[in-house]
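Thanks for asking me to look through this structure with you. Here are my notes, written for someone opening it for the first time.

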Amino acid sequence: MSIAGELVTGTFGYDGGRQVTVYLPPSPPEAVVFAGNGQLISQWGAVLEATANLPPTMIVGAHRSADETRRLHEYSPGFDTQRFAAHEEFFVDDVRRWTRSRFHVALPAERTAVFGVSASGELALAVGLRHPKVYGAVFCASPGAGYQPSSVLPHPLPRAYFVAGTQEPFFHENATRWAVALRSAGADVVMTQRAGAHGDAFWREELPLMVAWAFGQGAPRR
């Protein structure tokens, strides 16, 4: 699917040379979505362009490690705290600083979200809860179970939008667990269930709905 916007890729020193790919909308961005699994999610600008009445939204996709174990340890804080912390610094600090300076965009929390699917859904939750003044919203699709809510959650909490498919019971259970925990802690939470299985097409179709909920006309601005 062709795009009217532009894809720009930069390479960082983290992990021997980790790439970040940015989707730039054709109009100046009014909202920014940071995402793990960046090889995948940065390519989804076309679905935003094809959806009416969305604000121009930039996607900043940090590429994942090719090593699956390392990827899981970077995305979930429960496995290897040092690996997670190093990736968190790269993702939250280095990538944001580069995005601001390279593209001359403001990054207020109320117009910034963090997005992840499957394992990177855990990353979105982890950094979203740790940095609510950076990311005003968490978009989480079909999260894994390596990172689970604690009995006491931090405050303040970002807004959160979860989606899971009827044909992926394990991931649906994980999303529901988080939605219930965050709602019980006072967060603004959406939990959506749709017919579908674990995969790119299912997640890609939900992204415009997430953007509309967080940044569309009538979305709260704090």
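1. **What you are looking at.** Please keep in mind that this is a predicted model. The protein chain is built from seven helices and eight strands. Along the principal axes, its C-alpha atoms fill a box of roughly 40 × 40 × 35 Å.

2. **Overall packing.** A compact globule of 222 residues would have a radius of gyration near 17 Å, and the 16 Å of the protein chain agrees with that. Buried residues account for 57% of the 222 residues. Take the contacts between residues at least 6 apart in sequence: 70% of them join residues at least 24 apart.

3. The accessible surface of the protein chain is about 9500 Å², and carbon and sulfur atoms contribute 50% of that. There are 19 positive and 20 negative side chains, with the centres of the two sets 5 Å apart.

4. Is S7 enclosed or open to the outside? Seven of the seven residues of this strand (residues 159–165) are buried, so S7 is largely enclosed by the rest of the structure. In a regular strand, side chains alternate between the two faces of the sheet. Here Arg-159, Tyr-161, Val-163 and Gly-165 point one way, while Ala-160, Phe-162 and Ala-164 point the other way, and all are buried.

5. **The neighbours of S7.** Strand S6 (residues 137–141) runs parallel to S7 and is joined to it by five bridges. In this pairing, Ala-141 stands opposite Val-163. Strand S8 (residues 189–194) also pairs with S7 in the parallel sense, over six bridges.

6. **Strand S4, covered on both faces.** S4 (residues 57–62) has six of its six residues buried, so this strand too is largely enclosed by the rest of the structure. On one side sit Thr-57, Ile-59 and Gly-61, and on the other Met-58, Val-60 and Ala-62.

7. **The neighbours of S4.** Which way do the partners of S4 run? Strand S2 (residues 18–24) is antiparallel to S4, with four bridges between them, and Thr-21 stands opposite Gly-61. Strand S3 (residues 31–35) is parallel to S4, with five bridges. Val-32 has Met-58 in S4 as its bridge partner.

8. **Backbone details in the loops.** Please look at the loop between S6 and S7, where Pro-156 lies. A cis peptide bond joins His-155 to Pro-156, with omega about 0°. Ser-142 is found in the loop between S6 and S7 as well. Ser-142 has a positive phi of about 50° although it is not a glycine, and at 0% relative accessibility it counts as buried.

9. Ser-118 sits in the loop between strand S5 (112–117) and helix H5 (119–130). Its phi is positive, about 55°, although Ser-118 is not a glycine. Why does Ser-118 count as buried? Its relative accessibility is 16%, and the cut-off for buried is under 20%.

10. **Leu-207, from helix H7.** Leu-207 belongs to helix H7 (residues 200–215) and is buried, with a relative accessible area of 1%. Which residues does Leu-207 contact beyond its neighbours within four places in sequence? They are Trp-44, Leu-48, Ile-59, Phe-115 and Phe-139. Trp-44 is 163 residues away from Leu-207 along the chain, yet their C-alpha atoms are separated by 8.3 Å.

11. **Leu-24, from strand S2.** Leu-24 lies in S2 and is buried, with a relative accessible area of 15%. Not counting residues up to four places away in sequence, Leu-24 touches Gly-5, Glu-6, Val-8, Met-58 and Phe-103. Met-58 is the S4 residue that has Val-32 as bridge partner. Leu-24 and Leu-7 are 17 residues apart in sequence, and their C-alpha atoms are 6.2 Å apart in space.

Notes. Residues are numbered from 1 along each chain as its sequence is written. This is a predicted model: local features need pLDDT of at least 70, side-chain atom pairs count only at pLDDT 80 or more; totals for chains, interfaces and linings use all residues. Side-chain values use heavy atoms; hydrogens and water are left out. Helices (H or I, at least four residues) and strands (E, at least two) are DSSP runs, numbered from the N terminus. The radius of gyration is taken over C-alpha atoms; the globule rule is 2.2 Å times the number of residues to the power 0.38. Buried means under 20% relative accessible area, exposed over 50%, partly exposed in between (1.4 Å probe, protein chains only). Contact means heavy atoms within 4.5 Å. Accessible areas come from the Shrake-Rupley method with a 1.4 Å probe; for residues, only the protein chains shown count as cover. Lys and Arg count as positive and Asp and Glu as negative; His and the chain ends are not counted. The place of a charge is taken as NZ of Lys, CZ of Arg, CG of Asp or CD of Glu. Two strands pair if DSSP finds at least two bridges between them.
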